[in-house]
Amino acid sequence: AIGRTALVTMDILPANTNQALSIIRINSNEIHHKFLLEMLNSQYIKEQLEGKKQGVAQINLSLQNIKDLIIALPNKEEQLKFVKFLEQVDKLKFEKRIQTD
């Protein structure tokens with residue numbers, strides 16, 4: 001499905017891929033992997049991708065479509081603050097879910 005994202009860690013490499021998958025390698029000195037993952041899952045990116053789908057039976061995006069994505073990139077310290085905030089939100093959601101179950 002278009003727009004699905006995943007973080008690939010070294011413990012699952014090497015991995016087989018096909019033409020329907022884009023691999024994005026990052027410079028970890030410039031971008032936090034969890035920050036990028038959140039950005040790729042954002043509504044802002046989904047809207048950018050929506051108009052770029054190509055194909056009839058199997059809808060795909062080209063690698064150029066992926067390269068052309070516009071992502072706001074604050075400095076690494078701000079990215080880390082954002083990631084920590086989201087981790088806290090996830091923790092609170094999890095705790096609330098446990099309390100209501």
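**View A. Ile66 and the residues it touches.** Setting aside neighbours within four places in sequence, Ile66 is in contact with Ser22, Ile24 and Leu61; contact here means heavy atoms within 4.5 Å. This is a predicted model, where local features need pLDDT of at least 70, side-chain atom pairs count only at pLDDT 80 or more, and totals for chains, interfaces and linings use all residues. Residues are numbered from 1 along each chain as its sequence is written, and side-chain values use heavy atoms, with hydrogens and water left out.

**View B. The largest nonpolar core.** Eleven residues make up this one: Ile31, Phe35, Leu36, Met39, Leu40, Ile45, Leu49, Leu61, Ile66, Leu69 and Val83. A nonpolar core is a set of buried Ala, Val, Leu, Ile, Met, Phe, Trp, Tyr and Cys residues joined through side-chain atoms within 4.5 Å. Buried means under 20% relative accessible area, exposed over 50%, and partly exposed in between (1.4 Å probe, protein chains only). Helices are DSSP runs (H or I, at least four residues), numbered from the N terminus.

**View C. Gln48 in helix 2.** Gln48 sits in helix 2 and counts as buried because its relative accessible area is 16%. Apart from neighbours within four places in sequence, Gln48 is in contact with Asp68, Leu69 and Ile70.

**View D. Met10, ahead of helix 1.** Look for Met10 in the segment before helix 1. Met10 counts as exposed because its relative accessibility is 68%.

Key: Helices (H or I, at least four residues) and strands (E, at least two) are DSSP runs, numbered from the N terminus.
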